[in-house]
Amino acid sequence: MITGKKAKTAFRLSFSYIALVILTIFCAYPALWVLMSSFRTGDALFSDKIIPTSYTFSHYTTLFDKHPFGVWYGNTMKISIASMILGTILTLLTGYAFSVFRFAGRKNLMSILLVLGLFPGFMSMIAIYILLNQMNLLNTHTAVVIVYAAGAPLYFLFAKSYFDTIPKSLVEAARIDGAGHMPIFFRIVLPLSTPLIVFTSLMTFTGAFTDFIFAKLVLRSPEKKTLAVGLFDMIGDRFSTEFTTFAAGCVLAAVPVTILFILMQRFLVEGLTAGADKG
């Protein structure tokens with residue numbers, strides 16, 4: 001009986017490891033292909049060998065010599081960091097309000113926000129474009145930051161679920177001592193919410209860093225472009241052949257997001273699981 005149970009456990013573990021290895025190959029192969037292509041001589045991405053026979057760093061230097069890659073990088077980092085700060089604050093405040101306060105229409109408002117968050121963002125782009133045009137904010141980074149930050153609270157449910165797990169006795173004790181809502185939020189709730197803050201910040205940062213559709217719609221002049229828009233325009237022309245240079249740009253664009261995920265992996269998992277504890 002024990003032997004049969006051990007055999008089932010060994011089979012289940014073996015199947016899990018095999019599935020993980022297959023998933024790793026599927027995930028790592030495209031990234032490895034782009035990385036090797038960025039060092040391959042010539043302009044074509046296609047090759048019968050994933051490992052190039054000769055290496056060159058000229059594609060990385062071409063990004064800065066021929067294209068305003070540094071400007072695109074700076075614009076993307078500025079927009080992503082500003083959107084991350086504003087979006088995280090708005091998301092935390094929204095989640096805290098729904099977790100702590102009880103007011104008329106609370107459940108209906110939560111349902112509306114939840115349903116709105118399920119729709120793809122590009123459905124509202126025409127309306128947002130007209131609104132930004134009336135406000136003279138087209139082709140500005142301010143418009144992009146405002147839209148990214150304003151859309152972040154639609155995913156308030158993780159924040160609310162996490163705040164629901166914080167013992168109410170701590171908040172009630174602070175109220176008995178005379179603390180208001182804002183001191184309780186900043187001095188008691190936020191110090192206990194590090195995984196949630198990291199998770200929300202990382203999701204907001206990567207969302208703004210990798211967005212292409214809205215940035216392409218709003219940002220038009222070369223000095224305003226982000227990495228996604230600039231790299232796409234670099235190969236968007238039908239006669240363009242700079243695909244290996246495009247691969248080099250993709251590698252450099254992936255650096256900050258990869259570093260953030262590696263450094264914040266522990267907090268990311270804790271925030272995701274804690275936020276999913278209650279619906």
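Visitor: Helix axes here are lines fitted to C-alpha atoms over the stretch in contact, and angles run from 0 to 180 degrees between N-to-C directions. At what angle do α3 and α12 pack?

Guide: About 150°, with the two axes 8 Å apart. That makes α3 roughly antiparallel to α12 (angles over 145 degrees count as such). The model is predicted: local features need pLDDT of at least 70, side-chain atom pairs count only at pLDDT 80 or more, and totals for chains, interfaces and linings use all residues. Residues are numbered from 1 along each chain as its sequence is written, and side-chain values use heavy atoms, leaving out hydrogens and water.

Visitor: Which residues of α3 and α12 meet?

Guide: From α3, F69, W72, Y73 and T76; from α12, L227, G230 and L231. Contact means heavy atoms within 4.5 Å. Helices are DSSP runs (H or I, at least four residues), numbered from the N terminus.

Visitor: Change of topic. How many salt bridges does the structure hold?

Guide: There are 4 (a side-chain nitrogen of Lys or Arg within 4 Å of a carboxyl oxygen of Asp or Glu). One of them joins E242 and K66, at 3.0 Å from N to O. This pair links distant parts of the chain, 176 residues apart.

Visitor: Where do E242 and K66 sit?

Guide: Both are in loops: E242 between α12 (227-236) and α13 (243-263), K66 between α2 (58-65) and α3 (69-100).

Visitor: How accessible are D233 and K216?

Guide: D233 is partly exposed (between the two cut-offs), with a relative accessible area of 26%. K216 is also partly exposed, at 31%.

Visitor: What does K225 do there?

Guide: Its side chain meets that of D233 in a salt bridge, with N and O 2.8 Å apart. K225 is buried, at 14% relative accessible area.

Visitor: Which residues make up the network of shared partners?

Guide: K216, K225 and D233, joined by salt bridges that share partners.

Visitor: Last one. How much of residues 73-264 is helix?

Guide: That stretch is 74% helix and 0% strand (strands are DSSP E runs of at least two residues). The C-alpha atoms at its ends are 22 Å apart.

Technical notes: Buried means under 20% relative accessible area, exposed over 50%, partly exposed in between (1.4 Å probe, protein chains only). Angles under 35 degrees count as roughly parallel, over 145 as roughly antiparallel, 65 to 115 as roughly perpendicular and the rest as oblique.
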